[in-house]
Amino acid sequence: MKKDINKHLVTSLLLCGLSTVLNAQTTKAGKAKITVEVNTPGHRIPSTLFGSFFEDINHSTDGRLYPELIRNRSFEDSDTLENWKFINQNDASKASVINVDTLYPQVGGLNVFNRKYLSIEAKGEFKLENYGFWGMNIVKGNSYTFKLATRRVEGFNTPLKVSIVSAAGIELANAEVKGFDEGWKYYTVSLTATGSDPKAHIEISAKGNGRLHMDMISLMPDQTWKNHGLRTDLAEAFNAMQTKVFRFPGGCWVEGDSFKQMHNWKKTIGNIDTRTSSWNFWGYNATQGLGYHEYLQLAEDLGAEPLFCINVGMSHRDFVPMDQMGQWVQDALDAIEYANGAENSVWGSIRAKNGHPKPFNMKYIEIGNENGGDQYAERWKLIANAIRTKYPDITLIANSWGAYPKDPMPDLIDEHYYDNPEWFILNADKYDNYDRKSPKIFVGEYAVTSKTGKGNLRGAIGEAAWMTGLERNSDVVNMSAYAPLFCNVNHRAWPINLINFDSQHWYGLPGYYAQQLFAQNQGTVSLPVKVAGAPLLAFYEKGGLGFGTSNNSAEFKDLKVLASDGRVLFQSDFTKNIDDWQKTAGEWEVKDGVLRQSATTVNASVFFGDKSWTDYTVTFKGRKISGENGIQIYFRNQNKEDQMRWEIGCNKNTGFTLDNGFSKQIIPGSIETDRWYDIKVEVKGGTIKAYLDGKLIQEISTPNLKTNSICVSAANDELSGDIILKVVNAAPGNLKTEINLSGAEKLTGKGKAIVLTSATPLDENTMEQPTKVSPKTENVKFSGTTLTRSFPGNSLTILRLETQH
Ligand code: AHR
């Protein structure tokens, strides 16, 4: 039921292939000039403008912002011993997961919320091993708390040995746990590491007879950020972003694929042993160790405004009948009381008991995530009215999936954008002409997610260009949030994420530094700014052609390319081989007038034709032979990875995708195997038309494919007195630019420039080179109110110009 643009995006990226570099040409123009009207200041810039969106995706929380080292500590992940190894030296002992719902309900588990535990029937020696989340990072001299709950059944009463062991088999710490009871009892020991290893594991062993039940086996580092239980280096990386608003906990995680998986904050607070772990939409079981309380605490520790997104009564698949929405309304009201209520209120007292007597002062609540349609509107109305009545000061945020609800009118509407760098650059002026009478905007999720490699400089340039537009228009765009934040590199469920980590290290994408630079240099009052004479950046104007397949085999014949004046630009009856065509992968062969790709491999493509071709019509016959997908035609191709495309029978032959580099139109459809189709694509200006057997199947238009290569915002910072300019040069080459600070009176002629750029737009940071693309600072000197500066191609420059303050 959900209109699922983003998931389509990911699917099509995975199935149909990713492209990574830009296709942009600059037009010649006069000298560029930026004019900042310092003497006519504009609106105040909301302090919440630059924020971030946090979701437990890519094992960002379990496995590791939440630093539990043991994976499946509570045996809730499955009915088998998942992520544990049981080593049974004489083959007589047994280990099994007991699900109290199906086995021994009369005996019960650790508590009513914890449904599973481990049972060991020991007859001699045994050992349990847990390797955590792709290895445990153990650091020499650091201490770790080991905790478990056990219950002795049938006489088991020999000690358990607990050891932390390096990948090379060296013991880094050990302790003994003994004296078990017949009822559940907790045991805690402290372990201090005598050596370091990022890939260590834990072993729990014994030699004994009888039965022992175990649950909540935990190993936690004692050192956490601000002693609030989060992995220090990752929390610090986040903190360095100076994020001003913190949207949590999702995302799709809020909705759940079904209600069973939706995020329910009430199950995530209090004693961790009684939190109900649940299957996370992003492909793993979540312990809820980072729960509602901890999210609020994290926002407070970051100095960011917490923004809680709550389920509206809709999952990806279902919706709650209107007459059963009572609990959803109550949950929203209670969430506010938990965050803000007095210590003697029902939920405020629970917050106090959980360690935070003072209210968190949460001001923002978003009702639903990416929900839309009539079902959303009526549920929005119910919850929003209830909140408005009881908590009139709360800012209510609505989804704008399709259209935003108008009854009651939201305070802010949440828009989400995931696209390629060129889309963001071209849309950097999106809000310049926004109707100022319409509701204010929260761009609650945005990021360059395609044509950016694994997150390169070009992606950061796209985001930075877009952010200048957010800042210029922050009278209407009051808040924004980059999404998503964290990714364990061993489990990348989402293609592009800002902070990437393994058990020990992390690195930020170039976009991480762009986020930092905008937040650190926001300023308080917007200054009007004009750009003149900058070269225009033209996207996807020209280029040759290509064919492709993905996980399938196909044939092509009778190829003809006609220019718009009817001239034949290219023709082939495939009597000659295609040695001069550029290939990526696959087995391409010409035989009997047919070009065939016969390997079952992803992204098998060939490219041909001239990079200077602009408008043309390509016709050919195509036939799918076998495999998952269909036929791909590339056009306006500048290099092997950057072009427009039409995919016939993509997403496992369930759809057709027309992608002009800015917008992607996906419609349902399939093609038959072993049938020749007449295929035609007309490429004219910003309009692409795609035909199958003479019938127009898809058409897509981007009216203006040109934009200023320079994107700028300017602000006055009343605190420091600085005039701050953010200048993005999205063109490939240097651009000498005159900056005129019109009407500025107190400039000292001194300042600094912080520049984010790199040798090529494709440069990325990695675990080995974490700061390859990171900002460099230099001093700036000028006289009067004008300075001239050369902005490198693909750069973001923050200019902070001092005034006598
Ligand atoms: O940020 C990743 C996902 O993208 C979010 O969960 C969802 O809101 C959007 O579809």
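Predicted model: local features only at pLDDT ≥ 70, side-chain atom pairs only at ≥ 80, totals over all residues.
**Entry 1**

Helices and strands here are DSSP runs, numbered from the N terminus. I found Lys226 in the loop between β12 (197-221) and α2 (232-239). Its phi is near 55 degrees, a positive value in a residue other than glycine. Is Lys226 buried, partly exposed or exposed? At 44% relative accessibility, I put Lys226 down as partly exposed.

I then turned to Arg636, where phi is near 50 degrees, again a positive value in a residue other than glycine. Arg636 sits in strand β36 (residues 631-639), and with 1% relative accessibility it counts as buried.

**Entry 2: aromatic rings**

I like rings, so I looked up the pairs next. A pair of aromatic rings is described by the distance of the centres and the angle of the planes. The count came to 51 aromatic pairs. One of them is Phe248 with Tyr295, a stacked pair with 4.9 Å from centre to centre and 15 degrees between the planes. Phe248 belongs to strand β13 (residues 245-248) and Tyr295 to helix α4 (residues 292-302), so this pair ties together parts that are 47 residues apart in sequence. Phe248 is buried at 0% relative accessibility, and Tyr295 is buried too, at 1%.

Both rings also belong to one aromatic cluster, whose members include Phe54, Trp265, Tyr338 and Phe501.

**Entry 3: charges over rings**

I checked two lysines. Lys557 lies over the face of Trp676, 4.3 Å from the ring centre. The charged end of Lys680 sits over the ring of Tyr691, at 4.5 Å from its centre.

**Entry 4: cis peptide bonds**

Back at Phe248, I noted that a cis peptide bond joins it to Pro249, with omega about -5 degrees. Pro249 is in the loop between β13 and α3 (252-255). Another cis peptide bond joins Asp407 and Pro408, where omega is about -5 degrees. I traced Pro408 to the loop between β18 (395-399) and β19 (412-419).

**Entry 5: cysteines**

How many disulfides are there? I counted zero. For Cys309, the closest cysteine sulfur is in Cys252, 10 Å away, which is too far for a bond. Cys309 is buried, with a relative accessible area of 1%. Cys650 is buried as well, at 2%.

**Entry 6: a surface patch**

Last stop: the outside. Leu103, Tyr104 and Val107 form a nonpolar patch on the surface, and together they have about 250 Å² of accessible area. I placed Leu103 in the loop between β5 (94-99) and β6 (116-130). Its relative accessible area is 37%, so Leu103 is partly exposed.

Terms used: Residues numbered from 1 in each chain as written. Heavy atoms only, no water. Patch = residues over 30% accessible without salt bridge, like charges linked within 9 Å, V, L, I, M, F, W, Y side chains within 5 Å. Areas by Shrake-Rupley, 256 points an atom, 1.4 Å probe, with all protein chains shown as cover. Salt bridge = Lys/Arg side-chain N within 4 Å of Asp/Glu carboxyl O. Helix = DSSP H or I, 4+ residues; strand = E, 2+ residues; numbered from the N terminus. Buried < 20%, exposed > 50% of the residue type's maximum accessible area, 1.4 Å probe, protein only. Phe/Tyr/Trp six-rings, centres within 6.5 Å; stacked < 30°, edge-to-face > 60°. Lys NZ or Arg CZ within 6 Å of the ring centre and 35° of its normal. Disulfide = S-S within 2.5 Å.
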